[in-house]
Amino acid sequence: LSSLQEAEETYGMPISKDRAGDIRHRFAARHYNLAIHYLSEGMCAGAENARITTLITCLVFIHIELLRGRYKESLTHLQSGLQILDGGKTETLRDIDPLEDEIRKAFQRLDLQSAHFGEPTPRPHLVLYEPNATTPGCPIPPPFTNLSEAKDQCDILMSKNFHFIASCAEHTSQERIQYEQELIVRQAELTDLHHVYLHTLSKLINTHAKLSPKDRRRSEERRVGKECPRC
């Protein structure tokens, strides 16, 4: 993965499939194929922690394929990882390994990003839930203390939007008329959540004294791009 990253930075990051002549790409391809071989071998042998190992390796494979410009293959690896995570739905929050929880978050972000591409009606496969859900009618989240918290909340809102849009698209014309009032109410709720989010984010950005240098840079980037729906 680092060899591919190094190679693409050398070229200025114009991701391309046509790098067969680059020694770093050949090196990466050789070890990538070995990794797939040993992963399959370990799974067949019932290796300890096979689930965690497979999920972490799947994340690496996704990013390798992205750096190789093979987006279809990266989505295939993503779907495989999502299927493995779906297989653990019966676990309670108490049973989830902290490492797997972080891995799940990484897959949730990739899942959300991939929903922008490929399907006529975007819908993430994993549902993002708020760790401390607010009560209905009072959608006021606690103040953000850093931009990572703001990003997590933005992902949750985007996930809610995608699922709402997808559910609308699944209704027939007759069903949309039948459930029109419910859909209007839900749309208004989502609009309110976005207004509250933007207000909370603005309060964080305007409190520069409490932001780290990295968060200050990121807040300026968001200020420049605040008119973009995806920023």
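What is the relative accessible area of Glu6?

Guide: The relative accessible area of Glu6 is 45%, which makes this residue partly exposed (buried means under 20%, exposed over 50% and partly exposed in between, with a 1.4 Å probe and protein chains only). Before we move on, please note that this is a predicted model, with local features needing pLDDT of at least 70 and side-chain atom pairs counting only at pLDDT 80 or more, while totals for chains, interfaces and linings use all residues. Residues are numbered from 1 along each chain as its sequence is written, and side-chain values use heavy atoms, leaving out hydrogens and water.

Now to the partner of Glu6. Glu6 makes a salt bridge with Arg24, and their closest N and O atoms are 3.8 Å apart (a salt bridge is a side-chain nitrogen of Lys or Arg within 4 Å of a carboxyl oxygen of Asp or Glu). Glu6 belongs to helix H1 (residues 2–10) and Arg24 to helix H2, so this pair ties together parts that lie 18 residues apart in sequence. Helices here are DSSP runs of H or I with at least four residues, strands are runs of E with at least two, and both are numbered from the N terminus.

The structure has two aromatic pairs (rings of Phe, Tyr and Trp, the last by its six-membered ring, with centres within 6.5 Å; planes under 30 degrees apart are stacked, over 60 edge-to-face, and the rest tilted). One of them joins Tyr32 and Phe61 edge-to-face, at 5.0 Å centre to centre with 70° between the planes. Since Tyr32 lies in helix H2 (residues 23–44) and Phe61 in helix H3, the pair ties together parts 29 residues apart in sequence. Tyr32 and Phe61 are both buried.

Glu65 has a relative accessible area of 5%, and its side chain meets that of Arg68 in a salt bridge (3.6 Å, N to O). Arg68 is buried too, at 17% relative accessibility. Following H3 comes Gly69, with a positive phi near 75°.

The salt bridges we have visited belong to a count of 11. Another one pairs Asp155 with Lys151, the closest N and O atoms being 2.7 Å apart. These two both lie in helix H6 (residues 147–170), four residues apart, about one turn of the helix. Asp155 is buried at 8% relative accessibility, whereas Lys151 is partly exposed at 27%. Shared partners join Asp155 and Lys151 with Arg109 and Asp152 into one network of salt bridges.
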